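This report is an introduction for a reader who has not seen this structure before. Please look over the sequence and the model first, then read on.

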Amino acid sequence: MEADLLAKDAPGGLDSIFRPSSVAVVGASANPEKTGHTILKNILDGGFSGRVYPVNPSGGEILGLQAYQSLSCVPDRVDLAVIVVPAKAVPGVMEQAGEKGVGGAVIISGGFREVGNDGLEREVIEAARSFGIRVIGPNCQGVNYTASGLCASWPLITRRGGMAVISQSGTVGAALGEWAEDEGIGISAFVSLGNKADVNEIDLIDYFSHDPNTKVISLYIEGTRDGRRFMDVCRDALTRKPVVVLRPGRTEKGRKAAQSHTKSIAGSHMVFDAACRQVGVTRAATVEDLYDFSKALMFTSRHLASGGRGATPWSGDSGARRSYKLAILTSSGGSGIIATDVAQVCGVEVPDLTTATVERLRAALPPHCVVRNPLDLTGDTSAERYETAVTEIASAEGEDFDAFLLVFGDPIPRASEVVARLRGTLQDMASRSGRGPAPDIVACYIGGGAVGKDETTRMQAAGVAVFPTPERAVRAIGALAGRF
């Protein structure tokens, strides 16, 4: 465990869950088809360096570790208990955990309030609170905190990144984690909320807002029990990092479905949306948006939730919005048109270039390039042509763009090298001019084959958000501009 990467004195008393020195899996199984086996195996395969204790009434050995017949039989201290036993057995496990001095519990088991067993859930939480145990769940998909190598969940996600995913749907959260793993950007955490009987999204926003491994907090929630406290905590968190939320239930049937899933409190979507807008929370409409917006905010340097240069990072919309100006450069004319249309819908401005800038570009580029915004560098372009064009635009008098979208619509090698140089160039220009932060660079790589996949991986490893379509790229830029 790399202690220097872990949050110190984090709020909420949740360190026993995310930074344990020892974990007991109560309900561990030698049967690969059982959840208790999957959880234990993922903890071991995830690289957790602390002590791990399987607990199973049959004892014996599981995955090479001695299994104990009960939590009470474990000879050493246990910080975290991951519980995968039938619901009716959970209160007794919680009593043992309390007597053992366990600080945190993750209850994977279902069969509680979500199916009408409210009394059983109350019994578990009353026992936990009597011993000061913090509880994730019940009826959840577990937790994963990559800085400590703790994957007490599924699927196995090990790549470290800056996105903390907090989800009332285990499947939605797992999808974000898998996408981040596949793209090589990783996550800092995944927490499946389940029934939220104790620890809820408010506690976790507070916790991860202080976590040095987390750069953006990504939420899928179906409702919140304390709207005022939710907004207060978000407002505080937004002074340190962005928060993106997807809340379903826009329609009447969707709201009723949300109320029945883990017995959520699904209030007015319009009221929730307006409150989020007021404090500066970015709102996603789809799971894809949730991922894309989070990725863009995690990677980019400006993070201006209210839009425009000089705005306070992630601050709320206190009045009229500033214009947010985007320059689009592409090797695909069609992709440039699509990007322009989406930008207009999202409220992102794609202004005409000045006459002087057009003249500069025509002097610097081949004559067959279509010089305008969007700028079509055509299909025979090299990566270096993008570099020339961006540098000319950024250094031109009277041009003040907030972001550059680079659409690579063909197999264009060295794109990642050029983008890395451009970031440095734009930062140097911004520093010399004193006009504020450098414009962001967002990329779209579409139709690039094997070259595109390789360049995308390289760009994202260097901290540049890359998207597979112009629509997704521009919507993510809209999130940077505070349009969602």
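## Overall picture

Of the 484 residues in the protein, 59% are buried. The model is a predicted one. Its secondary structure comprises 16 helices and 19 strands.

Contacts along the chain can be sorted by separation in sequence. Taking contacts between residues at least 6 apart in sequence, 73% join residues at least 24 apart.

## Two packed helices

Two packed helices are described by the angle between their axes and the distance between the axes. Helix H14 covers residues 415-433 and helix H15 covers residues 449-461; they pack at an angle of about 25°, and their axes are 8 Å apart. Angles under 35 degrees count as roughly parallel, so H14 and H15 are roughly parallel to each other. The crossing in which H14 passes H15 is right-handed.

Which residues meet where H14 packs on H15? From H14 come Ala415, Ser416 and Val419, and from H15 come Glu455, Arg458 and Met459. By type, the residues of this contact between H14 and H15 are 3 nonpolar, 1 polar and 2 charged.

## A buried aspartate

Asp292 is part of helix H10, which spans residues 287-299. Is Asp292 buried or exposed? Its relative accessible area is 1%, and buried means under 20%, so Asp292 is buried.

The side chain of Asp292 makes a polar contact, at 2.7 Å, with the side chain of Arg472. Not counting residues up to four places away in sequence, Asp292 touches Phe467, Arg472 and Ala476.

## An exposed proline

Pro32 sits in the loop that runs between strand E1 (22-26) and helix H2 (35-45). With a relative accessible area of 58%, Pro32 is exposed, because the cut-off for exposed is over 50%. When neighbours within four places in sequence are left aside, Pro32 is in contact with His37 and Thr38.

## Cis peptide bonds

Trp154 and Pro155 are joined by a cis peptide bond, with omega about 0°. Pro155 has its place in the loop between strand E9 (150-153) and strand E10 (160-167).

A cis peptide bond also joins Asn373 and Pro374, where omega is about 15°. Pro374 belongs to the loop between helix H12 (355-364) and strand E16 (375-376).

## Positive phi angles

Leu63 is not a glycine, yet its phi is positive, at about 50°. The loop that holds Leu63 lies between strand E3 (61-62) and strand E4 (65-66). How accessible is Leu63, and what does it count as? The relative accessibility of Leu63 is 37%, so this residue counts as partly exposed.

Asn139 is another residue other than glycine with a positive phi, near 60°. Where is Asn139 found? Its position is in the loop between strand E7 (134-136) and strand E8 (142-145). Asn139 has a relative accessible area of 25% and is therefore partly exposed.

Terms used. Residues numbered from 1 in each chain as written. Predicted model: local features only at pLDDT ≥ 70, side-chain atom pairs only at ≥ 80, totals over all residues. Heavy atoms only, no water. Axes fitted to C-alpha atoms, helices over the stretch in contact; angles between N-to-C directions. Helix = DSSP H or I, 4+ residues; strand = E, 2+ residues; numbered from the N terminus. Parallel < 35°, antiparallel > 145°, perpendicular 65-115°, else oblique. Left-handed = near helix turned anticlockwise from the far one by under 90°. Contact = heavy atoms within 4.5 Å. Nonpolar A, V, L, I, M, F, W, Y, C, P; charged D, E, K, R; others polar. Buried < 20%, exposed > 50% of the residue type's maximum accessible area, 1.4 Å probe, protein only. Polar contact = N/O pair within 3.5 Å; in protein donor to acceptor, adjacent residues only side chain to side chain.
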